[in-house]
Amino acid sequence: MHHNHSHAGNHNHSRVGNRTDNRTLKSSTKSALFAMTTVFLWSSAFPITKIAAQSFAPNALGLFRCTLAAVILLGIGCKNHLNKPKKPAHILLFLLSGGLGFTLYMLFFNTGMLTLNSAVASLIIATTPVLTAVGASVLYHEKIRPAGWCAIAAAFGGVAILLLSDIAVSGSGTSGSAGSGSGITGNEIAMGSGLLFMIGAAIVFCGYNLLNRKLLSMGYTAVETVTWSMVCGALLLMFFLPQTLPQIGQAAASCLPALAATVYLGAMPSATAYLLWSRAFSLAKKTSDVTNFQFLTPLLSTAMGFAMLGEIPSLSTIAGGLVIIASLVVFSRKGR
């Protein structure tokens, strides 16, 4: 940071226009770095959730991850003069947004990850922006162009490929190209229910995104919205505290990697990533400069799933994945 400052001093005589150009370049570079780091952290949540699941049930993992994230976000928020909810009625909105985006999302996501590999799971979650756009067109009457509707149909076609190939695999009983690359096991048959849980996670997160729009329009910042939603999501998950505490004790005694994975999930993909993401938006010129990085999530997740867990995506996953990513790119370019 400092050397740039002195560097600017040497060029005091340069035109002011030049200097603002440099500044926007620097802020767009920073924005890209923040966005890329966020997407990297979010991508890592897929394989690392599988490591955490060795010791934690989906509900316990959700509670641990959300509570840690809420504590971190509140701590940072207190330093940065976080505004409290303005009216009691707004607390209900935060409970709803936290209930969708964190409580239900965590329960669905963690359950889905028990039987899915990182590639399939990340592809399903990647459709969230498209689902959100459909929701916004219904609720907020935001226009979607014909090309956008075609892209949406194609994205759902890609998801259908994942679902149908899964039914074919579990139906045939002998095919070797199963989701995880191993022969057919009970897991493969369970993969169908995993897919449904993951689709549920994408849908509730879409609800969170739509509520988020409302809260932002009511004058809350992105960081306030995520902080209070996370706090409410964690409070709702407290219902599972009696089951969670013994699991934390067991993990500490016998499975440190799972405990470390869970701490990482709360601190990094849940807390830090959201702060970096909103920072990326505040520095970017166009929203799409930030959101376009999301297309990398399935690729990064698949690579990390392979590196950490030796997961190999099946051909049908790759086929469905290419259709989904292509349709998301078309949607972001021509959809609205």
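At what angle do helix α3 (residues 58-79) and helix α9 (residues 222-237) pack, and how far apart are their axes? In this predicted model, the two helices pack at an angle of about 145 degrees, and their axes are 8 Å apart. The crossing of α3 past α9 is left-handed. On the α3 side the contact is made by G62, L63, C66, T67, A69, A70, L73 and L74; α9 contributes V226, T227, W228, M230, V231, A234 and L237. Of the residues in this contact of α3 with α9, twelve are nonpolar, three are polar and none is charged.

Aromatic pairs come next. A pair of aromatic rings is described by the distance of the centres and the angle of the planes. The count comes to 13 aromatic pairs, among them the two below.

| Pair | Centre to centre | Angle between planes | Class |
|---|---|---|---|
| F102 and Y274 | 5.9 Å | 85 degrees | edge-to-face |
| F239 and F240 | 5.3 Å | 80 degrees | edge-to-face |

F102 belongs to helix α4 (residues 88-113) and Y274 to helix α11 (residues 256-283), so their pair ties together parts that are 172 residues apart in sequence. Both F102 and Y274 are buried. In the other pair, F239 is exposed, at a relative accessible area of 65%, whereas F240 is buried, at 16%.

F102 and Y274 also belong to a cluster linked by ring pairs, together with W42, F46, Y105, F109, F205, Y208, W277 and F281.

A charge over a ring is found at Y220: the charged end of K86 sits 4.6 Å from the centre of the Y220 ring.

Key
Residues numbered from 1 in each chain as written. Predicted model: local features only at pLDDT ≥ 70, side-chain atom pairs only at ≥ 80, totals over all residues. Heavy atoms only, no water. Axes fitted to C-alpha atoms, helices over the stretch in contact; angles between N-to-C directions. Helix = DSSP H or I, 4+ residues; strand = E, 2+ residues; numbered from the N terminus. Left-handed = near helix turned anticlockwise from the far one by under 90°. Contact = heavy atoms within 4.5 Å. Nonpolar A, V, L, I, M, F, W, Y, C, P; charged D, E, K, R; others polar. Phe/Tyr/Trp six-rings, centres within 6.5 Å; stacked < 30°, edge-to-face > 60°. Buried < 20%, exposed > 50% of the residue type's maximum accessible area, 1.4 Å probe, protein only. Lys NZ or Arg CZ within 6 Å of the ring centre and 35° of its normal.
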